[in-house]
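Please read it beside the sequence and the coordinates shown here.

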Amino acid sequence: MSDMMNNNDSDDTGRIPDLMRIGSIPTDLQMSFDTDVLDPVVINDDFCRFVLPNKGFLHSFSKITLSVEALAGKEQASFPVNVGVHSLIDRCALKIGTTTIAEVVDFGHYMAYKSLFIDNQINYDRENYLTGRNNAKEWIYKNNNLNSNTLGCSDVNASFYTLKTRYNLEFPEGAAGTNTGASGDVENDPVLINQNSPVFSVSVADLFEFLKFNQLPLYMIDQQISIELHFKSAASLGRLVPDKTEGSGGLFKIDTSRVKFVSDHIYYDGDIMENYRVQNPELNWTYVDYQLNKRSFTNTTLASKQVFNVGGAGRLVNKVFTSLSQVFATNDLRLTNEYSSACVGMSGENHGLLTTNLRFNDNFLFPIDPTNIAVHFHHLLDAEQNVPHVTREEYSFEAGEGGITGLFKYMGYDQADGQEGLAGKFTWLGYRLNRNERVSSRGIEVEITYSTMNAGTYIHRAYLEVVKQASLRNGIFETDFA
Amino acid sequence: MSITGGSTSYIDIQPSNVPSNSLISYKDGNPVVSFVIAEQDRYLIGSSLRIAGQIAVYKTPSGDFGTVPDSTDDVRTNPKLGVYGIIDQVVLSSQVSKNTIEHIRHYGRFLSSYLPLISSQQEAFGHLGETACSLPNAMGNQLAFSCNENGSSATNRQYRGNSFCINLPSGFLMSKENIGLSSKGWGVGGLQIDIHLVPDSQFLRAPTHNQAFYQLSNLKLIAELINPAPDELSRLMSKTSGTMEYNAISSYYTTIASTNAIVNLRLGLSRVLGVFMNFIPSANLNNLSQDGYQTLPMINNLTSGEIAAIKQITFLKGGMKVPLEYNITANVRDDNSLVSADPQILRNFMNSFLPFMKNIKTQVSPITYNRIPFKSADEFAAAGQMFGVGVAMDAISGEGLDFKNDTFTLQMETGLTDSSAVQSVFIFVRSKQTLVFNANGLQVIQ
């Protein structure tokens with residue numbers, strides 16, 4: 001505020017803050033909101049488009065509501081625990097005029113990565129109902145499966161943990177000291193299952209990350225502003241996860257009557273908005289967008305060093321994050337559906353070795369190829385500058401004789417299983433390109449070796465966070481790579 | 001390719017005193033691990049520094065390695081600390097001048113209060129589990145960590161035990177300022193990091209396996225360095241001296257065994273921000289039968305499960321009641337049967353780490369901070385008891401109180417009636433310190 005007051009301009013326009021940048025608006029600036037509930041201009045089971053009214057500033061946490069019709073025989077189905085309702089979206093794009101401002105492909109996988117960084121307490125308290133995500137954990141103290149430990153059932157010793165839900169909080173209790181008690185089944189909250197057709201919402205700032213830092217001045221744009229969502233195909237089985245007893249399959253349909261855009265618009269008092277327009281006939285800013293590079297490997301090829309180009313030539317790239325998803329015919333019979341990233345496998349009790357590095361501008365990012373899985377986790381944290389909230393078994397498979405429970409199923413699935421459960425399903429790798437250089441014409445090369453993997457085909461996804469620049473000149477929007 | 005400014009680089013450093021087989025264990029005579037970040041014209045990002053490697057726990061030695069315990073062997077480590085429990089002391093010093101910058105003793109005891117007080121249980125399940133191999137329950141931690149048989153079989157063996165990658169919470173490394181490594185007047189002249197390991201008897205609780213030990217392998221230090229841009233470097237070269245300010249941790253140890261417990265310390269520190277302490281029966285330290293990292297309420301007698309209540313606390317500075325101008329009178333003073341913890345003691349304890357109102361994540365709860373009698377120090381729900389006493393000296397200006405010449409005194413009225421139940425008190429003082437350096441060396445102004 002004091003900086004603003006130091007401006008020498010004598011008229012009101014000199015005191016207009018940067019209204020686009022979230023966080024730069026003084027606390028004593030009056031603002032008002034209105035909320036529109038917009039229907040899509042085009043909607044079917046594969047696609048929808050919203051056209052935004054050109055008024056005020058778009059609040060970055062405006063929501064798009066999504067729901068799926070109840071499907072007979074799949075009453076217990078719910079969204080994948082790690083991505084929630086985002087699994088419905090395959091691709092999203094923000095368009096102004098004919099220009100695509102931001103676009104994310106394989107959005108479910110992208111959100112599987114972004115969801116790693118949500119505190120699980122927030123997942124449990126809030127995201128469970130907003131987006132259907134829930135990856136919080138809790139101990140099981142009523143523990144029949146305490147191997148042969150003489151303590152048996154205990155109120156203080158917990159051998160395993162489970163997904164934390166608000167349902168079935170009391171686990172079945174066997175006789176103290178026994179090793180084989182009746183197992184239970186942890187269920188999702190009933191209000192969140194397909195039978196009740198819950199409505200969830202997706203924030204536009206989650207769809208287009210640059211909106212977390214900028215709010216669009218819609219009233220200054222003279223072109224049509226639209227948001228397009230391409231839905232994940234129902235036939236791909238990538239939308240929901242049925243209870244295991246309900247089996248694979250089933251075409252979950254988008255409930256098109258409940259797809260709305262709850263659009264919040266911000267207005268400022270007096271002449272501030274008009275003065276802001278006059279003062280800024282040309283607005284320029286930079287933002288980030290994501291490019292996807294995708295290819296497939298087999299477990300055999302992954303066992304030897306794979307070096308491949310993931311693009312980025314000539315671009316300013318902040319970071320690269322990658323996943324490796326195993327392809328299953330019945331992806332829906334997994335707690336994470338297809339939205340997971342496989343860890344290097346095990347041979348008996350022995351863990352495999354995951355070796356990686358990244359090369360750009362003729363130099364490797366890391367001086368020695370990292371092989372320690374905890375170091376990979378650290379580099380992921382470093383790339384995102386945020387902490388991934390996944391457990392050791394989920395990221396690295398390392399859990400000895402403990403970890404996630406296999407006895408208490410979640411929706412019928414073995415939580416500790418590396419295929420249908422959660423163990424080793426969150427091994428994303430992150431690389432922060434820290435040399436502050438534009439990538440040369442050779443692009444970025446990723447090197448990976450997974451010494452041991454289950455037999456099968458895997459899809460490797462590499463998302464590049466590239467810097468773009470946008471300009472808004474006399475109501476016309478333009479964008480290009482920085 | 002165009003360089004648009006200064007860049008950063010990762011480094012990967014092996015210990016300077018690693019044995020030829022790359023295996024490090026206290027048992028085999030490697031109580032200190034040293035890393036050297038050489039003197040160079042770059043900055044170290046202190047918060048990026050990590051110690052990484054693998055750790056295995058064995059119940060009995062076998063050749064160079066050992067036999068991994070199974071769930072019936074009852075070989076445990078502290079669930080709050082995980083790998084952090086192997087560290088007894090951290091010494092940070094200049095590589096060139098050898099001057100000590102920061103020296104934290106009783107590091108595991110410090111972290112056994114610090115970590116659970118500022119992290120939630122979900123975080124303990126999550127990233128603390130992945131980086132430090134901890135899980136917030138003694139049994140769960142035992143099964144997932146000690147009983148990890150990875151590497152036991154020779155077939156397709158890649159490494160042994162558990163992978164870890166931990167940071168080193170310390171005032172100097174967590175300072176928001178980047179650390180100059182140059183010896184030409186704008187840095188500390190390289191950095192030597194000495195990590196003193198704890199004995200197996202402190203790290204492990206293995207009542208039925210007196211040969212149990214831990215072993216480290218593939219140990220290394222990774223960090224990120226800033227390469228100053230050419231114009232920035234040229235400007236730095238003209239500097240002849242510099243300063244850095246950071247919050248350091250100083251540690252002290254004493255014992256108490258009376259109903260009127262008095263701790264007197266000459267801190268010699270001029271900007272003290274907070275003091276906190278945790279307790280454990282002295283007999284439980286360095287004892288394979290006990291977890292030496294528990295932060296228990298004071299106890300008279302484990303057999304009878306009698307807790308020695310703290311009835312009143314007074315903090316003194318030079319004989320004056322400072323910073324609290326009153327005695328903390330606990331809820332149990334008039335009713336010894338109360339099992340609920342005293343909220344005033346707890347609040348001041350938590351406030352000594354960071355302002356209470358800003359501490360939004362913690363594992364402290366009625367389950368982990370209470371006065372419920374216990375007959376075994378091994379059976380606590382969640383990550384165990386998190387008892388402690390502390391006080392913030394200055395929560396307003398951030399400059400701290402001057403204890404250069406004044407004595408810090410803690411006076412406690414306790415229920416310690418069993419004179420054989422000697423309690424160890426680990427005291428940690430958080431204070432602001434200034435590091436002054438030039439081409440001739442460095443000096444820490446406390």
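## Domains, a helix, a sheet and a chain contact

In this predicted model, chain A is divided into domain 1, made of 1–115 + 200–280, and domain 2, made of 284–390 + 426–482. The C-alpha centres of domain 1 of chain A and domain 2 of chain A lie 25 Å apart, and the contact between these two domains takes 33 residues from domain 1 of chain A and 29 residues from domain 2 of chain A. On the side of domain 1 of chain A that touches domain 2 of chain A, the elements that give two or more residues are β7 (99–105) and α2 (107–114) of chain A, and β7(A) gives the most, with 6 residues.

The contact between chain A and chain B takes 56 residues from chain A and 53 residues from chain B. On the side of chain B that touches chain A, two or more residues come from each of β1 (7–13), β5 (50–58), α2 (121–125), α3 (127–132), α4 (138–146), β11 (162–166) and β15 (213–227) of chain B, with the largest share, 6 residues, coming from α4(B).

Helix α7 of chain A (residues 373–384) has 12 residues and reaches 17 Å from its first C-alpha to its last, which is close to the 16 Å expected at 1.5 Å a residue. Because 10 of the 12 residues of α7(A) are buried, this helix is largely enclosed by the rest of the structure; among the buried residues are His376(A), Phe377(A), His378(A) and His379(A). Just after α7(A), Gln385(A) takes a positive phi of about 55°.

Chain A also holds an open sheet of 4 strands, in the order β15-β24-β19-β20, with antiparallel pairing. The edges are taken by β15 (306–311) and β20 (363–364) of chain A, each of which has a single partner strand, so one side of each is left without a neighbour in the sheet. Elsewhere in this sheet, strand β19 (residues 354–360) and strand β24 (residues 444–450) of chain A pair in the antiparallel sense over 7 bridges, and Arg359(A) stands opposite Glu445(A) in β24(A).

How values were computed
Residues are numbered from 1 along each chain as its sequence is written. Chains are lettered from A and ligands numbered from 1 in the order in which they are written. This is a predicted model: local features need pLDDT of at least 70, side-chain atom pairs count only at pLDDT 80 or more; totals for chains, interfaces and linings use all residues. Two residues are in contact if their C-beta atoms, placed from the backbone, lie within 7 Å. Domain bounds come from an automatic or database domain assignment. The expected span of a helix is 1.5 Å times one less than its number of residues. A residue is buried if 20 or more other C-beta atoms lie within 10 Å of its own, exposed if 12 or fewer, and partly exposed in between; C-beta atoms are placed from the backbone. Two strands pair if DSSP finds at least two bridges between them.
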